[in-house]
Amino acid sequence: MTSSMTRRAVAAARCANIGADDQFEHTVHKPDLRGKLPESWACIDCGVNTAPGFFNRKQMEQAMALDWNDQGVKQTFDALSEVYTVKPKIWKVANMEENGGCLCIGCLERRIGRMLAAEDFLRNDPFNAMPGTERLRSRRGRRGQRPKGLRP
Ligand SMILES: [Zn+2]
């Protein structure tokens with residue numbers, strides 16, 4: 001990246017009649033995904049992978065570092081995914097801290113002592129409109145709105 005940036009900067013400098021010694025350098029830093037993606041998608045209670053089609057934080061940072069051609073990193077929701085958002089009061093009852101890890105639906109229900117219902121999920125959250133396990137879909141009903149550009 002450095003050499004192509006430098007070549008481009010030199011070419012730009014020539015166009016602008018600036019001496020080739022005046023170089024432009026641009027440093028691109030790795031994205032810091034701490035707190036934005038889980039360290040692991042494994043349910044912290046039973047260990048099941050709640051998002052087999054997703055990278056965890058470290059894997060995503062590595063994939064983005066390798067994505068030199070800016071093709072993007074594809075992640076998949078499917079019938080094995082239990083990626084969802086519930087209201088903060090549900091996490092509180094479940095004794096979950098923010099960024100405290102993932103819980104599968106069964107373990108979250110065990111913690112709160114009841115089955116989840118549609119009103120427990122955040123309305124219009126894109127995650128709540130994605131494909132998921134049968135039990136997730138049966139609990140949340142049709143809560144979310146899939147954002148434009150995202151296909152099932
Ligand atoms: Zn679990």
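This is a predicted model: local features need pLDDT of at least 70, side-chain atom pairs count only at pLDDT 80 or more; totals for chains, interfaces and linings use all residues.

Visitor: Why does asparagine 99 count as exposed?

Guide: Because 11 other C-beta atoms lie within 10 Å of asparagine 99, and a residue with 12 or fewer is called exposed.

Visitor: And where is asparagine 99 found?

Guide: In the loop between α3 and α4.

Visitor: What about the phi of asparagine 99?

Guide: Asparagine 99 has a positive phi of about 55°, although it is not a glycine. Most residues other than glycine have a negative phi.

Visitor: What is phi for asparagine 95?

Guide: Near 60°, again a positive value in a residue other than glycine. Asparagine 95 also sits in the loop between α3 and α4.

Visitor: Is asparagine 95 buried or exposed?

Guide: Asparagine 95 is exposed, because it has 9 other C-beta atoms within 10 Å.

Visitor: Changing topic. Where is leucine 103?

Guide: Leucine 103 is in the loop between α3, which covers 88–93, and α4, which covers 105–112.

Visitor: Buried or exposed, that leucine 103?

Guide: Buried, because leucine 103 has 24 C-beta neighbours inside 10 Å, and the cut-off for buried is 20 or more.

Visitor: Which residues does leucine 103 touch?

Guide: Leaving out residues up to four places away in sequence, leucine 103 touches Cys43, Ile44, Asp45, Ala94, Met96 and Leu108.

Visitor: How far apart are leucine 103 and tyrosine 84?

Guide: They are 19 residues apart in sequence, and 9.8 Å apart in space from C-alpha to C-alpha.

Definitions and conventions. Residues are numbered from 1 along each chain as its sequence is written. Helices (H or I, at least four residues) and strands (E, at least two) are DSSP runs, numbered from the N terminus. Two residues are in contact if their C-beta atoms, placed from the backbone, lie within 7 Å.
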